[in-house]
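Please keep the sequence and the structure in view while reading.

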Amino acid sequence: MNATIAARWSETGWARYFVPALFGVTLLVLWEGIVRGFAVPQVILPAPSQIAMRFAASTGVLWIDFRQTILKGALSGYVMGCAAAFVMAVLVDRSAFLERGLMPVGNFLAALPIVGIAPIFVMWFGFDWQSKAAVVIVTVFFPVLVNMVAGLKATDPLQRDLMRTYSASYLQTLIKMRLPAVLPFLFNGLKIATTLALIGAIVAEFFGSPTRGMGFRISTAVGQLDMALVWSEITVAALAGTGFYGLIALAEKVLTFWHPSQRG
């Protein structure tokens with residue numbers, strides 16, 4: 001009986017948000033209590049209340065950094081990288097030669113560390129957001145490409161044969177049959193790319209940036225032992241990443257409502 005009640009309670013809509021919120025509030029209370037109770041120095045770990053006050057006092061700076069890093073660097077690079085991966089996946093699907101040649105190169109690019117390519121791109125594209133967008137493009141390109149190629153190959157051969165019997169062109173088959181089938185794979189790659197885009201843009205700013213940006217601010221604040229500002233920037237990055245991921249997940253739910261992963 002208790003198990004049945006617990007199962008029904010866990011399936012209610014408000015419970016899905018209440019439980020994580022309760023857990024988060026509990027974590028913050030414990031964090032505050034430990035820092036206050038053990039008198040942990042602020043330069044080691046500031047309390048949530050100190051971070052909140054610093055956050056409120058630095059909203060102007062945080063907005064400038066958010067606009068520079070997230071909107072200009074991460075978002076622009078994300079859009080360009082995902083669009084390029086989408087187009088390249090269609091080309092790879094059309095050409096076995098291109099697949100055999102490109103996929104190993106893509107594996108090589110995916111293995112390149114951000115700390116290795118970021119300084120090079122800063123020298124190539126300058127210190128502003130363009131170099132960070134270039135890092136993000138390289139970072140998100142391969143995960144989206146791999147998922148797109150896998151999705152394009154996932155359609156049933158019988159379905160493709162049926163489209164051929166209808167004398168459907170490749171473009172008609174792509175739009176009417178294969179793209180709907182590839183959406184779950186595509187969104188899987190897009191969700192992975194959301195976190196990679198933020199990481200790539202922030203890390204790239206450590207190797208060269210104008211006097212703004214989240215990576216620049218974190219590096220400067222650490223040198224000034226202003227850890228409350230560092231945690232404020234981390235909070236902005238976490239909120240932006242969560243919101244970005246949530247938007248992609250919402251779009252996935254709307255566009256792939258028919259898929260078994262979205263049932264229930």
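Is F244 buried or exposed? With a relative accessibility of 6% for Y78 and 15% for F244, both values fall under the 20% cut-off for buried residues, and F244 therefore counts as buried. The model examined here is a predicted one.

A pair of aromatic rings is described by the distance of the centres and the angle of the planes. The ring centres of Y78 and F244 lie 4.8 Å apart, and because their planes stand at 65°, the pair is edge-to-face. Y78 belongs to helix α4 and F244 to helix α11, so that distant parts of the chain, 166 residues apart, are linked by this pair.

In total, six aromatic pairs are counted. Among them is the pair of W31 and W231, which is likewise described as edge-to-face, with 5.3 Å from centre to centre and 65° between the planes. Since W31 lies in helix α2 (residues 13–37) and W231 in helix α11, this contact ties together parts that are 200 residues apart in sequence. W231 has a relative accessibility of 27% and therefore counts as partly exposed. Elsewhere, F121, W124 and F125 are joined into a cluster by ring pairs.

Attention may now turn to charged side chains. Side chains of opposite charge can pair when their charged atoms come close. How many salt bridges does a search of the whole structure find? The search finds five, and three of these are described below.

One of them joins R54 and D226, whose closest N and O atoms are 2.7 Å apart. R54 is in helix α3 (residues 48–57), whereas D226 is in the loop between α10 (214–223) and α11 (227–255); the pair thus links distant parts of the chain, 172 residues apart. R54 counts as partly exposed because its relative accessibility is 27%, while D226, with a relative accessible area of 16%, is buried.

Another salt bridge is formed by the side chains of D65 and R217, with 2.8 Å from N to O. D65 lies in helix α4 (residues 59–94) and R217 in helix α10, so the pair connects parts that are 152 residues apart in sequence. Both D65 and R217 are buried.

A further salt bridge is found between D128 and R212, where the closest N and O atoms are 3.9 Å apart.

Finally, the surface itself deserves a look. Which residues form a nonpolar patch there? The patch consists of W63, I64, L71, L75 and V79, which together have about 420 Å² of accessible area. L75, one of these residues, lies in helix α4. Its relative accessible area is 35%, and L75 is therefore partly exposed.

Technical notes: Residues numbered from 1 in each chain as written. Predicted model: local features only at pLDDT ≥ 70, side-chain atom pairs only at ≥ 80, totals over all residues. Heavy atoms only, no water. Salt bridge = Lys/Arg side-chain N within 4 Å of Asp/Glu carboxyl O. Helix = DSSP H or I, 4+ residues; strand = E, 2+ residues; numbered from the N terminus. Buried < 20%, exposed > 50% of the residue type's maximum accessible area, 1.4 Å probe, protein only. Phe/Tyr/Trp six-rings, centres within 6.5 Å; stacked < 30°, edge-to-face > 60°. Patch = residues over 30% accessible without salt bridge, like charges linked within 9 Å, V, L, I, M, F, W, Y side chains within 5 Å. Areas by Shrake-Rupley, 256 points an atom, 1.4 Å probe, with all protein chains shown as cover.
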